Each structure stands twice: as structure tokens, then as C-alpha cells.
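Dear colleague,

I am handing over the structure that we spoke about, and below it you will find notes on what turned up when I went through it. Please read them with the model open beside you.

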Amino acid sequence: MADLMRERLSRMSIFPAMRGAVSLTVPHPGHAGRRFAAALLACAALLGPTHGAGARSARAIAQQAQAAEDQDAIIATVNGAVLTKRDVDTRGRLFALSSGLDVSDDVMQRLRPQIVRQLIDEKLRMQEMLDRHINVPIQQIGDAIAGIEQRNGMPQNALRNKLAEDGVSLTTLIDQIRVQLGWTQVLRQETGEHGRITAAEIEQRMAAMKREDGKPEYMISEIFVPVEDPRHTENELKFTETIIQELREGAPFPIVAAQFSQGQSALDGGMMGWTQEDGLDPQVVEVARKMPDGAISNPIRVAGGYVIATIAERRTVGHQMATILAIRQAFFAFDAPLDPENPSDQQKAALDAANTFSGSAKNCDQMEAENKKLGEKHPSDPGELMLNHLNPQMREVLEPLPVGKPSRPLVSMDGIVVLMICKREERNIAIQTPSQIADHLMNERVEQTSRQLNRDLQRRAIIDMRSKT
């Protein structure tokens with residue numbers, strides 16, 4: 001349950017928006033800018049050709065003023081809080097950069113209406129967080145960003161550095177993640193006592209699982225796109241189709257889910273974990289049974305919106321045998337990144353030491369002792385490993401390795417590791433523990449609460465759309 005309802009706090013200052021403000025159409029502050037720019041152009045025209053440089057300078061100033069004004073154009077007010085064109089453009093650029101794709105202007109234009117909708121929902125959620133005095137520490141926001149990078153195989157800080165290189169403020173990403181994290185705390189308060197999973201509920205689910213024994217189960221991820229008006233779903237459908245196109249062209253599913261999914265699994269990259277058919281919408285089940293693993297589904301219409309689904313793998317309920325390894329490692333660190341063409345004396349000495357140790361280590365206790373002597377730059381015990389989930393290179397090393405025998409030294413850019421298997425076990429990993437069942441039940445309850453509360457906030461809000469996107 002802690003994973004599903006994790007709390008993350010922030011020291012980032014947030015300026016509260018007024019709630020319940022009366023919607024008024026006020027003169028845009030940029031009108032004065034337009035009059036000033038027009039005056040500059042008029043003066044330039046009066047100067048005549050002998051002052052051409054001055055005229056061009058005045059025209060350039062006027063164009064800059066107009067561009068700045070366009071960026072600050074108000075798209076909407078949400079209970080008095082302003083949403084500008086700059087906000088929408090920046091979020092769109094964040095998606096383009098984080099997806100790693102060259103998103104065309106046409107695609108971005110199709111995304112804009114849903115980006116506006118999402119930003120409006122985020123403002124409503126932020127206002128609800130402020131009303132409940134919920135704040136989120138920057139450390140937990142940083143942890144969430146690191147998690148996104150890790151799930152996508154990025155080096156540490158790669159996403160932040162990429163944003164900086166392309167001129168997108170990290171604040172844009174921080175603001176989005178802050179709302180996602182703070183919203184989980186809102187939902188925890190909202191569920192209250194109803195958020196506790198009882199022993200009876202766990203027993204009921206376990207009994208249901210026994211009845212489902214032998215039926216399919218899916219490691220599934222989703223992107224949920226809510227529909228505002230069930231009678232008119234054209235915009236949401238168009239947005240969903242655009243996202244699917246980007247996913248099929250290579251956009252990473254976890255990144256897109258973190259950016260655009262309105263489901264509670266967004267921060268986990270849309271990952272729902274192992275899910276039985278009775279835990280999915282019937283429409284999703286129908287698609288899941290037919291689609292191949294790794295494919296991206298077409299838009300799936302469900303209650304409240306659209307779902308985009310992808311399945312990593314599937315298994316039979318109660319039946320999935322896997323090889324589980326308990327290992328120990330000794331890590332010989334380099335003092336600088338390796339240049340394979342020109343290794344340093346320290347790196348050569350590390351390789352000699354690793355070869356000597358690999359030829360003499362007899363048991364896992366020796367592995368732990370050696371790693372401690374080396375400073376434990378990597379943990380001696382990396383935890384249980386599932387053989388079929390390892391990358392092909394690591395599986396090639398560990399699959400034939402006997403228990404209690406050290407591997408050959410494995411060289412990487414930052415050092416050399418020697419591995420030893422301490423225990424090899426065949427285990428049925430499809431059997432869920434009571435704790436895992438409780439987590440799944442909580443996830444379902446939180447998702448239902450989130451959708452209901454979001455609808456309530458929209459119904460009570462005063463939203464004034466000022467211009468088309």
C-alpha cells in the first residue's frame with residue numbers, strides 16, 4: 001500500500017490561486033503593449049528613409065514586444081488562476097524532448113487541446129492540494145525524476161540535462177510531477193478509513209484468484225485519457241490517436257504515460273503490474289486477449305475516457321515457473337572512466353586483481369568480504385534476480401555458471417565485477433502474497449476515487465476559456 005499511496009513533499013514555493021472567484025473578462029494587459037508597438041512603428045514611418053536603421057530597429061523592438069505578448073496571451077482562467085499560451089507551448093516542448101522524437105508542428109497542433117485540458121486539470125488539483133495544505137518536498141520530486149530516467153534506461157540526470165540543452169525549464173517538469181505526487185496525498189485523505197484493505201477483502205480476492213486458476217493474467221501498462229463530455233469525444237479521440245502514432249514511432253511508453261496519462265499509474269510509467277481479467281475494463285480485456293506482447297493498442301473506449309494499453313508479457317493465473325538467483329558480487333572500481341584503447345596503470349592493476357580473485361574465490365562469504373575490502377562501491381548483495389528478466393549479455397554469463405563458482409571478470413566503463421551464484425531456485429512466481437493482493441486492491445480503490453474527485457472539481461470550478469489554442 002505504501003507504494004501505491006506514496007507521499008512526496010516539496011520546498012518549492014507555490015503561489016495559491018483564489019478559489020471560488022467570479023469569472024470576469026478583464027482587459028488583457030498586453031493591449032498597452034500593442035498600443036506602444038504601434039506608436040513605435042508610426043514614429044518609424046514618420047522618420048522617412050534617411051532614418052532607415054532606426055526604423056528597422058523600432059520595427060524589431062515592436063516585433064519582439066508582439067512575440068512576448070503572444071506568449072503571454074491568456075488561454076483560460078481556472079478559479080482565477082491564469083493559463084497562458086507560454087504554459088501550453090512549454091508543456092508541448094517538454095513532451096517532444098522527453099519522448100526523443102522530432103514531433104512535427106502538425107502533431108503538436110493536434111496535441112494542444114488535450115494539453116490545455118490537462119493543464120486545467122492540474123490547476124484544479126493544485127488548488128485542491130493547497131486547500132488541504134499539502135506540500136511536496138523537492139527531494140521526492142527529484143526521486144520521481146530519477147525513477148523516470150531509470151525506467152527508460154537513461155543515465156542519472158540525463159532527462160534534466162536534455163531539457164537544459166534545449167532551453168526547456170526544469171520547472172515545467174517539476175510542476176507536473178509535484179501535482180502528481182501531491183494528488184496521491186489528496187487521495188489518501190479522501191479515502192481515509194475507506195482506504196484500509198481488510199483481511200476479509202484479501203481473503204475474498206484470494207478465493208477469486210483460486211477460481212481464476214488457469215486463466216490469463218497480464219503485465220500491462222496503460223495511458224488513461226479522460227473524456228469531459230461523453231456526448232462529444234472527438235477531441236479526446238483525436239488526441240489519443242496522435243499519442244498512439246508517436247508511441248508506434250518509438251516514443252517510450254513510460255515517458256508518454258508520465259506526461260499525459262490521467263491514471264494513478266502515471267508516475268510508474270503507466271505500469272499496472274500483473275493484472276487479472278476481472279481487474280480490467282471488459283473492453284480492455286477483449287483487446288488484451290488478441291494483441292501481441294509489446295504492441296500498442298488502438299484507442300479503447302472505457303467508462304470515463306479512452307485507454308491506450310501495451311502488454312509486456314502474459315502468464316496463466318497461479319502458474320509461472322521462473323529461475324530465481326541469489327548472487328554476490330565483488331566490484332573493482334576504476335579511478336576514471338575506461339578508455340579501452342589506453343587503459344591506465346590503475347585499471348590494469350584492477351584487472352590483474354580481479355583475475356587473481358576470480359581464480360581463488362571459493363564461496364559467497366569470500367565474495368562479501370572482498371567487496372567490503374574494496375569499499376563496497378556496489379552492494380555485495382544486489383537482491384534476488386529473475387534469470388529470464390536479465391539482459392541477454394548477463395543471462396549468457398549467469399545461466400551456465402554453477403553455484404559457488406566465480407564468474408570471469410566482467411569489465412565495464414567504471415570498473416570490473418566478479419559474480420557468484422549462491423543459490424538457484426525454481427519458483428512459481430504467479431502466486432501473489434497477501435501484501436501484493438492488498439496493493440492491487442488499494443490501486444483499484446484509489447483509481448476510482450481519483451476519477452470521481454476529478455469530476456467533482458471540474459463540476460464546481462469556474463473555468464473561463466479566453467481563446468482557442
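**The disulfide**

The torsion about the S-S bond of Cys 364 and Cys 422 is about -115 degrees, so the disulfide, meaning a pair of cysteine sulfur atoms within 2.5 Å, is left-handed. The pair links distant parts of the chain, since Cys 364 belongs to helix α13 (residues 364-373) and Cys 422 to strand β10 (residues 415-428), 58 residues apart. The two sulfur atoms are 1.9 Å apart, and the structure holds one disulfide. Here and below, helices (H or I, at least four residues) and strands (E, at least two) are DSSP runs, numbered from the N terminus. Cys 364 has a relative accessibility of 15% and therefore counts as buried, whereas Cys 422, at 26%, is partly exposed; buried stands for under 20% relative accessible area, exposed for over 50%, and partly exposed for what lies in between (1.4 Å probe, protein chains only).

Before going further, please keep in mind that this is a predicted model, in which local features need pLDDT of at least 70 and side-chain atom pairs count only at pLDDT 80 or more, while totals for chains, interfaces and linings use all residues. Residues are numbered from 1 along each chain as its sequence is written, and side-chain values use heavy atoms, with hydrogens and water left out.

**The sheet**

An open sheet is formed by four strands in the order β4-β3-β6-β5, and the pairing is antiparallel; two strands are taken to pair if DSSP finds at least two bridges between them. The edges are held by β4 and β5 (300-302), each of which has a single partner strand, so one side of each is left without a neighbour in the sheet. On average, neighbouring strands of this sheet are turned by 45 degrees against each other, direction ignored; the axes are lines fitted to C-alpha atoms, for helices over the stretch in contact, and angles run from 0 to 180 degrees between N-to-C directions. Within the sheet, strand β3 (residues 216-226) pairs with strand β6 (residues 305-316) in the antiparallel sense over 11 bridges, and Met 219 has Glu 313 in β6 as its bridge partner.

Strand β4 (residues 271-276) contains Met 272, which counts as buried because its relative accessibility is 19%. Leaving aside residues up to four places away in sequence, Met 272 touches Ile 220, Ser 221, Glu 222, Ser 265, Leu 280 and His 440, where contact means heavy atoms within 4.5 Å. The C-alpha atoms of Met 272 and Ile 220 are separated by 5.8 Å, although the two residues are 52 residues apart along the chain.

**Aromatic rings and charges**

The count comes to two aromatic pairs, under the rule that rings of Phe, Tyr and Trp (its six-membered ring) pair if their centres lie within 6.5 Å, with planes under 30 degrees apart counted as stacked, over 60 as edge-to-face and the rest as tilted. One of them joins Phe 239 and Phe 260, whose ring centres are 5.3 Å apart and whose planes stand at 75 degrees, so the pair is edge-to-face. Phe 239 lies in helix α9 (residues 234-248) and Phe 260 in helix α10 (residues 253-260), so the pair ties together parts that are 21 residues apart in sequence. Phe 239 counts as buried at 0% relative accessibility, as does Phe 260 at 1%. In the pair of Phe 332 and Phe 357, the ring centres are 6.2 Å apart and the planes are at 55 degrees, so this pair is tilted.

As for charges, the charged end of Arg 451 sits over the ring of Phe 224, 3.8 Å from its centre, and Arg 301 lies over the face of Tyr 306, at 5.3 Å from the ring centre; the rule asks for NZ of Lys or CZ of Arg within 6 Å of the ring centre and within 35 degrees of the ring normal.

**Two residues with positive phi**

Most residues other than glycine have a negative phi. Asn 79, which is not a glycine, has a positive phi of about 50 degrees; Asn 79 is in the loop between β1 (74-78) and β2 (81-84) and counts as buried at 2% relative accessibility. His 133 has a positive phi near 60 degrees and is placed in the loop between α4 (105-131) and α5 (138-151), but counts as exposed, at 74% relative accessibility.
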